[in-house]
Every structure is written in C-alpha cells, then in structure tokens.
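Work through the exercises below with the structure open beside you. Try each task before you read its solution.

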Amino acid sequence: MDNLKHAQQETIVALATPNGIGAIAVIRLSGMDAISIANSVWKGKDLTKQASHTIHFGHIMDGDLMLDEVLVSLFVAPKSYTRENVVEISCHASGYIIESIIKLFIKKGARSAKPGEFTLRAFLNGQLDLSQAEAVADLIASNSKASQQVALQQLRGGFSSQLQTLREQLVNFASLIELELDFAEEDVEFANRDQLKQLIVDITRIIGRLIQSFELGNAIKQGVNTVIAGRPNAGKSTLLNALLNEERAIVSHIPGTTRDTIEEVLNIQGINFRLIDTAGIREATDAIEQIGVQRTMEKISQSALLIYVFDAEQISPEELKSDLESLQSPGIAMLLVANKMDLLQQDKKRESIQEFFRTSGLPDLQTIFISAKEKLHIDDLKNKIYGTAIKDQLSGDETLVTNIRHLEALQKTEEALIRVLGGIDGSITSDFLSMDIKQALHYLGEITGAVTTDDLLDNIFSKFCIGK
C-alpha cells in the first residue's frame with residue numbers, strides 16, 4: 001500500500017468526458033494542490049478563498065495567452081467524490097483547447113491520472129468500499145434499465161451493508177473462539193457451539209442465495225444470450241425481423257438462406273436479450289451450409305434461452321419430437337414458437353400439436369402460436385421471452401451478484417463455512433474452527449475491500465475509463 005499512499009500525495013488531472021466533437025468538455029483535478037494549481041492559471045475570483053460547491057466564471061490563462069472562457073466547479077475536501085480537493089473545469093470541447101489546458105495543469109505540478117484513479121482515491125479515502133467502487137464502472141457501462149438499477153443498488157451500498165452485517169456476526173464469534181484459545185489449558189467454551197452452528201447455517205443460506213443470484217445478475221449485466229433455431233424455412237429470420245421491427249435478416253423461401261449467425265440486441269422490459277438468428281437445422285447440402293449448422297449448434301450450447309421455431313402447418317409430430325429431444329439441454333430454457341399461424345386451417349393443426357404434447361411424454365414446454373410474417377402475437381411472444389428467462393426473480397429490492405470476482409469470493413466463503421459446520425459436528429478444537437472462520441472473514445473482506453492488495457486494486461481499477 002506504500003506506493004498507493006505515495007501516489008495519493010500527487011494531484012492528478014484527466015478529461016472526465018468522452019473524446020469527440022461536442023459543446024462542452026469537463027477536465028477534472030483532484031489532490032491537495034488541485035485548487036491552488038487551478039488558481040495559478042485562473043483569471044477571475046481567487047479560487048483559494050471560495051466556498052465548496054460553488055461555480056465560477058472566468059478564463060484559463062497561459063501567461064498572457066487566454067486559452068478559453070470556462071466555468072470552474074469547486075469541491076473542497078472532504079466534501080468531494082474523492083474526499084480530496086477537486087476542481088472541475090467546464091471548457092469548450094475543442095481537442096486543441098482540452099489538450100492545452102491539461103498540458104498547462106501538468107506544467108504547473110499535476111500529473112496525468114491513471115484509469116480509475118479518481119475512484120481508487122475515493123475508495124482509499126473511505127468514500128466508497130470496493131464493491132461500490134466497482135459498481136461505478138458497472139453504472140457507466142450499463143446499457144439497460146435493469147443493469148442501471150442493479151448497479152445503482154450496489155452503489156448505494158445495499159450489497160455492502162448485507163455483507164458487513166454477516167461479517168460482524170462472524171467476527172463476534174471469532175473473538176469468542178480466540179478467547180477460548182487464551183484459556184486452552186482450562187478447557188472452557190465461551191462460544192456456544194449450538195448458537196455458532198445456527199449462525200453458520202443462516203449465513204451459509206444467505207451466501208447460497210447470493211451465489212444463485214449471479215446467473216440472473218450476470219444476465220442483466222451482460223444481456224441474455226437468446227438463440228432462434230429451427231428447421232429451414234420455419235421463419236426464423238422473419239421472426240427476428242418482427243421482434244426487432246426492422247428488416248435485419250434476409251428472408252427467402254429458399255431453404256438454407258441463413259448460412260451464418262446474425263446477432264442483434266432486443267430490450268424487453270429493461271432487460272437486453274442478445275438475439276442470435278441461426279442457420280436452419282438439417283442435413284447440410286454443401287460445405288458452407290454444414291459450417292452454418294455447426295455454428296448453430298455451438299450457439300445453442302452457449303445460450304441461456306432457446307427459441308425453437310417450427311412451421312405449424314408443415315412439421316410432423318415425429319419431426320417435432322426428434323428436434324426437441326436433440327436440442328433440449330440442462331441449464332438452457334426453451335420456448336416453442338409455432339409459426340405461420342396465418343396458414344392454419346380452423347386451428348386443426350394447433351389442436352393436433354397440443355394433443356401431441358399431451359401424449360408425447362416430452363416435458364411440458366411453453367408454446368405460443370404466432371405469425372411472424374403478419375406480426376401476429378409478437379407482443380405476446382416478447383412477454384413469454386421475458387417471463388421464460390427472468391421468471392419472477394426480479395423484484396427490484398433483492399441483492400444481485402453481477403461481478404465474477406464477488407462470485408468467486410462468495411464461493412470460497414461458502415466452502416470455509418461448510419468446513420466450520422463440519423468442524424462443529426466433528427467436535428474439532430477451537431484453533432481449527434478459528435482458522436476456518438478467519439478464512440470466511442478474509443473472503444468476505446475481499447469483496448468490500450476490508451482485505452486488499454496492491455495487485456488486486458491495480459487489476460480492478462485498470463479496467464476503468466480514464467477520468468473516472
């Protein structure tokens with residue numbers, strides 16, 4: 001940590017808004033000397049004498065040369081994002097002006113900020129814990145309502161407070177067991193084993209729920225991989241176009257038109273679904289189509305949701321059963337879409353398909369009848385897609401794990417707690433119990449930053465954008 005503490009003594013500067021053409025850019029300074037450095041090139045009110053959270057109009061001067069008319073926002077320590085003196089300069093978004101102002105600040109004693117260094121300082125100064133700091137990056141990267149809400153919930157500290165409560169409960173018992181070690185020769189127990197066991201069971205249950213939430217949390221963060229598959233001419237590409245409400249895929253009556261996968265993002269009720277239109281599943285007639293079919297099967301194996309589309313007028317029960325048996329896979333939700341409903345005769349085919357499922361012995365799969373060409377029941381299908389993937393798991397109040405680092409730490413915590421339970425049941429000595437509880441505390445602490453290393457922090461914050 002010595003290197004990080006030394007770096008904190010320096011004042012850093014970076015562009016906080018994206019590069020590119022625009023009206024306004026924001027340059028951010030943070031550090032002990034941020035206000036004095038800004039004031040040294042400032043023509044206007046003396047910034048060193050102004051109150052925190054105030055905005056001032058003036059000019060940035062390089063000697064006698066005016067670089068720009070700007071607005072300067074002051075945040076005096078500790079009332080700032082980093083808990084250091086912070087100055088934000090809103091200038092015109094000319095690349096030349098931005099570069100000139102940043103170079104001038106560096107000339108006056110600042111240095112260029114590293115990726116994520118402002119948020120790193122917020123963490124080191126106690127403004128955020130580590131999981132909240134990571135939520136900042138998730139919030140910036142969020143591209144749907146759900147991912148934004150999950151990141152905000154974590155940024156507000158919901159996840160952190162839950163972990164802190166669990167950690168405090170463990171610390172209380174760990175201290176009692178440590179006390180037992182001090183009186184080992186007297187063979188006394190300060191930590192009631194029944195109470196400890198119940199606590200470990202309760203905590204393990206909560207940790208288990210958090211681990212299970214990763215599947216949904218990751219889907220919200222990354223999007224739900226959704227493959228549209230079926231036989232040639234089932235209407236897969238027409239369905240993709242209908243879902244997106246645009247002509248994204250080429251549609252033809254010729255079997256095998258789609259030879260490679262087409263990927264697009266569809267947002268349904270705040271969740272991004274990564275729709276993948278695939279080549280039709282059949283015996284390939286040439287080498288190129290064979291590659292397309294192979295890619296289809298690969299995409300299906302990587303999906304979270306499979307939309308199997310079939311021609312409700314043409315497919316036979318035997319063909320349908322064969323396809324479903326070959327495509328069903330553990331861990332992949334499946335939704336059946338009977339297409340070309342506009343061609344059905346008085347619902348006879350619908351009745352025969354429903355009767356087929358009642359008597360086939362296949363699992364009870366959700367089936368919806370649509371016409372992709374006529375865009376009939378497409379909204380119903382979207383609701384089914386959302387419901388099949390998300391079910392009733394998303395209420396808005398629960399804590400969801402979205403970070404693979406957090407997941408791994410929780411899994412290691414769970415393993416340590418299971419060892420504690422085994423130790424209690426096996427009546428092992430206090431020193432071994434203490435070791436496993438300390439391991440659990442260590443892994444929980446890694447999530448919030450109570451336990452850190454320079455390498456861990458470098459790895460996390462190097463993935464941030466510069467200026468944040």
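The model is predicted.

**Exercise 1. Surroundings of Leu-166**

Task: Find which residues Leu-166 is in contact with, leaving aside its neighbours within four places in sequence.

Solution: 
- Start with the element. Leu-166 sits in helix H7, residues 158-182.
- Now list the partners. They are Ile-203, Ile-206 and Ile-207.
- Take Ile-207 from that list. It is 41 residues from Leu-166 along the chain, yet the two C-alpha atoms are separated by 9.3 Å.
- Leu-166 has 3% relative accessibility, so it counts as buried. The cut-off for buried is under 20%.

**Exercise 2. Two helices**

Task: Decide how the axes of helix H5 (residues 130-141) and helix H16 (residues 454-461) are arranged.

Solution: 
- Read the distance. The axes come within 11 Å.
- Read the angle. The axes cross at roughly 20 degrees.
- Apply the cut-off. Angles under 35 degrees count as roughly parallel. H5 and H16 are therefore roughly parallel to each other.
- Name the residues in contact. H5 supplies Leu-130, Ala-133 and Glu-134, while H16 supplies Leu-456, Leu-457, Ile-460 and Phe-461.

**Exercise 3. A covered helix**

Task: How many residues of helix H9 (residues 236-244) are buried, and what covers them?

Solution: 
- Count. Eight of the nine residues are buried, so H9 is mostly covered.
- Identify some of them. Among the buried residues are Lys-236, Asn-241 and Leu-244.
- Look for the cover. It includes strands S8 (224-230), S9 (262-268), S10 (271-277) and S11 (305-311), along with helix H13 (378-390).
- Step past the end. Just after H9, Asn-245 takes a positive phi of about 60 degrees.

**Exercise 4. Salt bridges**

Side chains of opposite charge can pair when their charged atoms come close.

Task: The structure holds 13 salt bridges. Examine the one between Glu-117 and Arg-121, then the one between Asp-138 and Lys-221.

Solution: 
- Take the first pair. Glu-117 and Arg-121 meet at 3.7 Å, N to O.
- Check burial. Glu-117 is buried at 6% relative accessible area. Arg-121 is buried at 1%.
- Widen the view. A network of salt bridges links Glu-10, Glu-84, Arg-111, Glu-117 and Arg-121.
- Take the second pair. The closest N and O atoms of Asp-138 and Lys-221 are 3.2 Å apart. Asp-138 lies in H5 and Lys-221 in helix H8 (residues 193-222), so the pair ties together parts 83 residues apart in sequence.
- Asp-138 is buried at 17%, whereas Lys-221 is partly exposed at 27%.

Note on methods:
Residues are numbered from 1 along each chain as its sequence is written. This is a predicted model: local features need pLDDT of at least 70, side-chain atom pairs count only at pLDDT 80 or more; totals for chains, interfaces and linings use all residues. Side-chain values use heavy atoms; hydrogens and water are left out. Axes are lines fitted to C-alpha atoms, for helices over the stretch in contact, and angles run from 0 to 180 degrees between N-to-C directions. Helices (H or I, at least four residues) and strands (E, at least two) are DSSP runs, numbered from the N terminus. Angles under 35 degrees count as roughly parallel, over 145 as roughly antiparallel, 65 to 115 as roughly perpendicular and the rest as oblique. Contact means heavy atoms within 4.5 Å. Buried means under 20% relative accessible area, exposed over 50%, partly exposed in between (1.4 Å probe, protein chains only). A salt bridge is a side-chain nitrogen of Lys or Arg within 4 Å of a carboxyl oxygen of Asp or Glu.
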